[in-house]
Amino acid sequence: LDFDRDNVEALTYLGLLRVREKRTEEGISLYRRALELDPEYSLAAEGMATGLTDEGTRLKLLGQIDDAMLKYKEAVRVCPEYAPSHYNEGIVLAEQGLVQQALESYAR
């Protein structure tokens, strides 16, 4: 597939396709490139947060809790409005007994 590597919309929609195909890391890379070109492009930010949250959940299920938390935190940084990132971060914190921090994460 040939496309303009500087076209933010093309990068974003290709990122969406890759994430849906379970090629999450590739999708995240495409979203990352879109955001490098246009840091304000909210569709790319939300897509990247979705991919990062999905990847965090996959890692959590594999028992890789620290790596999962890194994905959730990056998702929160990229798109603070994306509630599932906060929710999943809160679940991990609650499971670690960090109830107050979990509640703060849920409240964001």
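**Exercise 1. At what angle do the axes of α4 and α5 cross, and within what distance do they come?**

Solution. The model is predicted: local features need pLDDT of at least 70, side-chain atom pairs count only at pLDDT 80 or more, and totals for chains, interfaces and linings use all residues. Residues are numbered from 1 along each chain as its sequence is written, and side-chain values use heavy atoms, with hydrogens and water left out.

Step 1. Find the helices. Helices are DSSP runs (H or I, at least four residues), numbered from the N terminus. Helix α4 covers 65–78, and helix α5 covers residues 83–95.

Step 2. Read the geometry. The axes of α4 and α5 cross at roughly 150 degrees and come within 9 Å. Axes are lines fitted to C-alpha atoms, for helices over the stretch in contact; angles run from 0 to 180 degrees between N-to-C directions.

Step 3. Classify. Under 35 degrees counts as roughly parallel, over 145 as roughly antiparallel, 65 to 115 as roughly perpendicular, and the rest as oblique. So α4 is roughly antiparallel to α5. The crossing is left-handed (the near helix is turned anticlockwise from the far one by less than a right angle; clockwise would be right-handed).

Step 4. List the contact (heavy atoms within 4.5 Å). From α4 come Ile65, Met69, Tyr72, Lys73, Ala75 and Val76. From α5 come Ser85, His86, Asn88, Glu89, Val92 and Leu93.

Step 5. Sort the residues. Ala, Val, Leu, Ile, Met, Phe, Trp, Tyr, Cys and Pro count as nonpolar, Asp, Glu, Lys and Arg as charged, and the others, Gly among them, as polar. The contact of α4 with α5 has 7 nonpolar, 3 polar and 2 charged.

**Exercise 2. Which residues have the most contacts inside the largest nonpolar core?**

Solution. Step 1. Define the core: buried Ala, Val, Leu, Ile, Met, Phe, Trp, Tyr and Cys residues joined through side-chain atoms within 4.5 Å.

Step 1. Read the answer. The largest core has 19 residues, and Leu35, Ala44, Met48, Leu52, Val78 and Cys79 have the most contacts inside it. Helices α1, α2, α3 and α4 each supply at least two of its residues.

Step 2. Look beyond it. A second, separate core of 7 residues includes Met69, Val92, Leu93 and Ala102.

**Exercise 3. Is Lys22 buried or exposed?**

Solution. Step 1. Set the cut-offs. Buried is under 20% relative accessible area, exposed over 50%, partly exposed in between (1.4 Å probe, protein chains only).

Step 1. Apply them. Lys22 has 71%, so Lys22 is exposed. Lys22 sits in the loop between α1 and α2. Its phi is positive, about 70 degrees, although Lys22 is not a glycine.

Step 2. Compare Thr24, in helix α2 (residues 24–37). Thr24 has 12%, so Thr24 is buried.
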